[in-house]
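This report looks at aromatic rings and their surroundings in one protein model. Please keep the sequence and the 3D view open while reading.

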Amino acid sequence: MSLMSSTVYSPVPTNCPQERSNSKDSEGSKMGDPYPPRRTMLVASDERQYSTSSWLSKVEGFPCGASIKETYHGICIVISIFSDMPSRHMMHFLFVFISYMLVVLTGAVQMQLVDTSFFRAVGLLLAVLLSLRAKNAVSRRQKLMAGVLDMMNCAKNLLYLVHFNPNSRAKLRGVLEFAFLEAAAWALPVMEQGEDVADLNDLPEEYREVAFVLRAKYAAHISPRPLFMWLRELCDELFDPALATKSAGPEKMDQISIIRRFHRNAEEELHTLFAKFDFLLMFRENFVTDQFRWMLETVIFIYVVLYPWCVCTESNLVLGATTVGMACVFYGLNSLTEQLEDPVHHPQGVDLKKTFKRLFEELDRDDKMREYSRAWLNDAKKTGARATEDLHGKFEENFQVPKRGQVYADMV
C-alpha cells in the first residue's frame with residue numbers, strides 16, 4: 001500500500017506563524033490559513049506557567065481575549081518574582097516598616113531630616129548599579145542560550161557525518177543523548193540520590209561498560225567530561241570510509257580525501273562541543289562576589305529606609321504606600337536580576353534536561369519525516385510527476401489542517 005494513503009502525520013511546522021490574508025497573491029492563487037508556529041528549541045523551566053487553562057481558552061475568542069490572557073500571564077510572572085525573592089529581603093522590609101513607623105510616631109512626616117542632594121545622589125548610584133547588573137544578567141543568559149544551541153548543533157552535525165550508515169548513526173545518537181543528559185545533570189548545583197537523568201539501559205550494549213566508568217560520579221564529585229572526550233574514539237570507530245566513499249561517489253572523491261575531510265569536520269565539531277561543555281560549567285559558579293551583592297543591597301536599603309525622612313509634603317497613608325511601593329520595586333528588580341544571573345538553576349532559566357530530550361525527539365521526528373517525504377516522492381514519480389514546487393505544495397496539503405493559533409503538535 002502506498003505511504004500516501006496509509007501514513008498520517010500532524011501539521012508540518014514552518015517559520016511563518018504570522019497571519020495570512022485570504023486575498024489572492026500576485027499570481028492570483030488564494031492563500032490559506034497559516035501553519036502553526038515553530039516550537040522553540042530551548043525549554044524554559046517555568047514553561048508550565050504559560051500553559052493555557054480551560055477558562056483562558058474560552059475567553060480567547062472574545063475581542064479582549066488576547067489582552068486578558070496576556071494580563072493573566074503577567075500577573076503570574078510578577079507573583080513568581082516576589083515568591084522567589086530571597087528570605088533575607090524580608091528582614092530589610094521589616095526595617096523599612098520600622099523606619100516608617102518612627103517617622104509617623106515622632107511626627108516627622110512634615111519634616112525633611114535628610115538632605116535632598118544626598119538622597120538624589122544615592123538614587124542615581126542605585127540606578128546605575130541596578131541597570132549595569134541587569135544588563136550583565138541579560139547578556140549572561142543570552143550567552144547560555146548561544147552555548148546550548150551550539151552544543152545541539154554540534155550533535156546534529158556529528159550525526160550527519162555518519163548519515164550514510166543508519167546503524168552507526170543510531171549508535172552515535174544513543175551515546176550523544178546519554179552524554180548530553182549527563183551534562184544537564186552535572187550543571188545542576190545539587191543532585192539527589194536516584195535522580196540521574198541519563199539511563200545506562202538506553203545505551204547500546206557494547207558501550208555500557210565504557211559509559212559506566214566515564215559518566216559522572218556525584219558522590220565523589222567527578223565530572224562527566226571524559227565521556228565527551230571518548231566521543232572522539234567513538235566517531236573514529238563508527239566511521240566507515242568505504243561506505244562514505246560509496247555514498248559520495250568514488251569517481252568524485254577518493255577515500256583518502258574523504259577520511260581527511262571526516263576527521264577535520266569531526267574534530268571541529270568535537271572541539272566546539274568540549275568548549276561549550278566547559279562553558280556550561282561556568283554557570284555553577286557565582287556570577288558576582290558577595291561584596292558586590294551586599295554593597296548593592298546596602299545601597300537599596302539606605303535609599304528606601306531614608307525615603308520617609310526625606311519627603312515632607314505627603315500624608316501618612318500616601319507616604320506609607322509610596323515607601324512600600326519603592327521597596328517592592330527596588331527589591332523586586334534586584335531579585336529578578338539575581339534570577340537572570342543564574343539561568344540554569346532558577347525557574348526563569350533554561351531546563352537543560354527537557355531541552356536536550358526534546359532535541360533528540362525532534363531528530364527522530366525529522367528522520368521519520370524525511371523517510372516519509374522520500375517515499376511520497378517515489379510514489380508520485382511512478383505516476384509521472386516531477387519534483388516541482390507545485391508537487392511540494394500538494395505534499396503539504398496531505399497533512400491535517402491545524403486550527404488557527406494552535407501550536408505545532410508532535411508527529412507520530
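## Terms and basis

A residue is called buried if its relative accessible area is under 20%, exposed if it is over 50%, and partly exposed in between, using a 1.4 Å probe and protein chains only. The model is predicted, so local features need pLDDT of at least 70 and side-chain atom pairs count only at pLDDT 80 or more, while totals for chains, interfaces and linings use all residues. Residues are numbered from 1 along each chain as its sequence is written, and side-chain values use heavy atoms, with hydrogens and water left out.

## Aromatic pairs

How many aromatic pairs does the structure hold? There are 16. Rings of Phe, Tyr and Trp (for Trp, its six-membered ring) pair if their centres lie within 6.5 Å; planes under 30 degrees apart count as stacked, over 60 as edge-to-face and the rest as tilted.

Because Phe 95 belongs to helix α4 (residues 88–105) and Phe 301 to helix α11 (residues 290–310), the pair ties together parts that are 206 residues apart in sequence. Helices here are DSSP runs (H or I, at least four residues), numbered from the N terminus. Phe 95 is partly exposed, at 40% relative accessibility, and Phe 301 is also partly exposed, at 24%.

Tyr 372 and Phe 395 make a tilted pair, with 5.8 Å from centre to centre and 35 degrees between the planes. Tyr 372 is in helix α13 (residues 352–382) and Phe 395 in helix α14 (residues 389–397), so parts 23 residues apart in sequence are tied together. Tyr 372 is buried, with a relative accessible area of 4%; Phe 395 is buried as well, at 7%.

Five residues form one aromatic cluster: Phe 180, Phe 228, Phe 277, Phe 356 and Phe 360.

A charge sits over a ring if NZ of Lys or CZ of Arg is within 6 Å of the ring centre and within 35 degrees of the ring normal. The charged end of Lys 276 is placed this way over the ring of Phe 279, 5.8 Å from its centre. Arg 284 lies over the face of Trp 186, and here the distance to the ring centre is 4.7 Å.

## Surroundings of Phe 292

Phe 292 is part of helix α11 and is partly exposed, at 24% relative accessibility. Which residues does Phe 292 contact, leaving aside its neighbours within four places in sequence? They are Leu 129 and Arg 133, where contact means heavy atoms within 4.5 Å. Phe 292 and Leu 129 are 163 residues apart in sequence, yet 9.8 Å apart in space, C-alpha to C-alpha.

Definitions and conventions
Helices (H or I, at least four residues) and strands (E, at least two) are DSSP runs, numbered from the N terminus.
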